[in-house]
Amino acid sequence: MLKIGVIGCGAIGKEHIKRLMYLVPGAQVVACADFYPEAAQKTAAMFQVPTVYQTGEELIGASEVEAVVITSADDSHFAYTLAAVKLGKQVFCEKPLALTASECEEIIAEEVKQGRRLVQVGFMRRYDPGYAKMKEIIDSGELGAPLMIHACHRNVFQSEGFQTEMGITNVAIHELDICRWLLGDEYKKAQVLKVKQSGRSTKGYDNPQIVLLETEDGSRIDVELQVCDAYGYDIQCQVVCEKGTINLPDPASVIMRAEARCSTELLTDWAKRFIEAYDIELADWVNAVEKGELTGPSSWDGYAACVAADALNRSRGTETFLPIEMIEKPGLYQ
Ligand SMILES: NC(=O)C1=CN([C@@H]2O[C@H](COP(=O)(O)OP(=O)(O)OC[C@H]3O[C@@H](n4cnc5c(N)ncnc54)[C@H](O)[C@@H]3O)[C@@H](O)[C@H]2O)C=CC1
Ligand SMILES: O=C1[C@@H](O)[C@H](O)[C@@H](O)[C@H](O)[C@H]1O
């Protein structure tokens, strides 16, 4: 049984604790912590977690905690991941791995020093059956080479304190990972555009934005980003190949016919959209930790997404594509 400590008892923290306690074989949540200790207490009571630590650092250092799941706010991921890796503990860190590429480099350096993979990043879309099937078709070569990707990430709501840059580091980070994974390619150039703004969005941050990327192999990617106030939570992805296109399937939904209309319901947030993917990713992580062979999204993948995110945020307002330069890939991640 893998003994896990979870830092961050908010929306996804609670979901992951529930999964690890009641769904994933071989896992047990033995401790939790939150910036607000009462949030941790409440969550512990809800899911029978035996110990609550006052801080994330105490939880990481606790002797009974063998592996750490980080589901606290984006700006806390770097320090917690680094602290756990320094102790040689396994980490599952929700996306993003850090807020900047240079922070990811520090994590990579420490992991390389430890001599084995200790980090998996929560890029759960890789475990979604729809994206997985798309990758299988691309890799089979059946449709020829992939030429471009058109993607959309549309949200209804973001919490207080959201900022324009977070459109990239918190929201588009999923596309920055999934597109390079689908294509098996790295990014060469990136640009973000502030386009005509939605009159529905009056929160003081850019909405919508368009992310443009070019890969080493010359494939082009465009991502329409509506961080809030969209008609629903809607994730779209189309890969255009030489001989045909591949589209991400929508989640299953019944078709209702009534009052001279035919309709299907849409989701309004992320929680249910990739529910199967979250289940599979955590089961895969626990199993891989037990076997000592991590294969899921690595620190390198977290870094690659952050390098692109850095370039995108630097490009805002410059009207130019910025080059993307990565450090040499350590052997650990080959
Ligand atoms: N893979 C995915 O699809 C998703 C990933 N996420 C990621 O998961 C993380 C949490 O997101 P949500 O649960 O939606 O946020 P949330 O705001 O509902 O929960 C975050 C929790 O972490 C706590 N927290 C914040 N800073 C902390 C710190 N320094 N130390 C300890 N606790 C701290 C907060 O008090 C709160 O209880 C974020 O990094 C987010 O990007 C969130 C939703 C979906
Ligand atoms: O990771 C997530 C949230 O943090 C983010 O705010 C949403 O926009 C994403 O769709 C969701 O998957």
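This is a predicted model: local features need pLDDT of at least 70, side-chain atom pairs count only at pLDDT 80 or more; totals for chains, interfaces and linings use all residues.
Reader: What makes Ala260 exposed, and what is its phi?

Author: Ala260 has 5 other C-beta atoms within 10 Å and is therefore exposed, the cut-off being 12 or fewer. Ala260 is found in the loop between β13 (255-258) and β14 (261-264), and its phi is positive, about 65°, although the residue is not a glycine.

Reader: Why does Ala73 count as partly exposed?

Author: Inside 10 Å, Ala73 has 14 C-beta neighbours; a residue with 12 or fewer would be exposed and one with 20 or more buried, so Ala73 falls in between and counts as partly exposed. Ala73 has its place in the loop between β4 (67-70) and α4 (77-86). Its C-alpha atom is separated by 13 Å from that of Gln158, with the two residues 85 apart along the chain.

Reader: How do you know which class Gln114 belongs to, and what is Gln114 in contact with?

Author: Gln114, which is found in helix α5, has 16 C-beta neighbours inside 10 Å, and because this count lies between the limits of 12 and 20, Gln114 counts as partly exposed. Leaving aside neighbours within four places in sequence, Gln114 is in contact with Val85 and Gly88, where contact requires C-beta atoms within 7 Å. Gln114 and Tyr233, by comparison, are 119 residues apart in sequence and 40 Å apart in space, C-alpha to C-alpha.

Reader: Which domains does the protein have, and how many residues does each give to the contact?

Author: The domain assignment gives domain 1 (2-125 + 276-296) and domain 2 (128-270 + 305-333), with centres, taken over C-alpha atoms, separated by 26 Å. The contact takes 19 residues from domain 1 and 16 residues from domain 2. On the side of domain 1 that touches domain 2, α5 (101-114) and α9 (275-291) are the elements that give two or more residues, and α5 gives the most, with six residues. By class, this side of domain 1 has eleven nonpolar, one polar and seven charged residues.

Reader: Which members of the largest nonpolar core touch the most others, and what does Cys306 contact?

Author: The core has 90 residues, and those touching the most other members are Cys32, Val68, Val91, Cys179, Tyr303, Cys306 and Ala308. This core draws at least three residues from each of domain 1 (2-125 + 276-296) and domain 2 (128-270 + 305-333). In soluble globular proteins, nonpolar side chains tend to be buried together. Apart from neighbours within four places in sequence, Cys306 is in contact with Pro96, Leu97, Ala98, Thr100, Ala101 and Cys104.

Reader: Where does Pro96 lie, and what kind of peptide bond joins Lys95 and Pro96?

Author: Pro96 is found in the loop between β5 (90-93) and α5, and the bond that joins Lys95 and Pro96 is a cis peptide bond with omega of about -10°. The peptide bond from Asn207 to Pro208 is also cis, with omega near 5°, and Pro208 lies in the loop between β8 (187-194) and β9 (209-215).

Reader: How many residues surround ligand 1, and which are the closest?

Author: Ligand 1 is surrounded by 23 residues, the closest being Gly8, Gly10, Phe35, Ser72 and Ser76. The shell has ten nonpolar, nine polar and four charged residues, and its largest share, three residues, comes from helix α1 (residues 11-22).

Notes
Residues are numbered from 1 along each chain as its sequence is written. Chains are lettered from A and ligands numbered from 1 in the order in which they are written. A nonpolar core is a set of buried Ala, Val, Leu, Ile, Met, Phe, Trp, Tyr and Cys residues joined through C-beta atoms within 7 Å. Domain bounds come from an automatic or database domain assignment. Two residues are in contact if their C-beta atoms, placed from the backbone, lie within 7 Å. Helices (H or I, at least four residues) and strands (E, at least two) are DSSP runs, numbered from the N terminus. Ala, Val, Leu, Ile, Met, Phe, Trp, Tyr, Cys and Pro count as nonpolar, Asp, Glu, Lys and Arg as charged, and the others, Gly among them, as polar. A residue is near a molecule or strand if its C-beta atom, placed from the backbone, lies within 6 Å of it.
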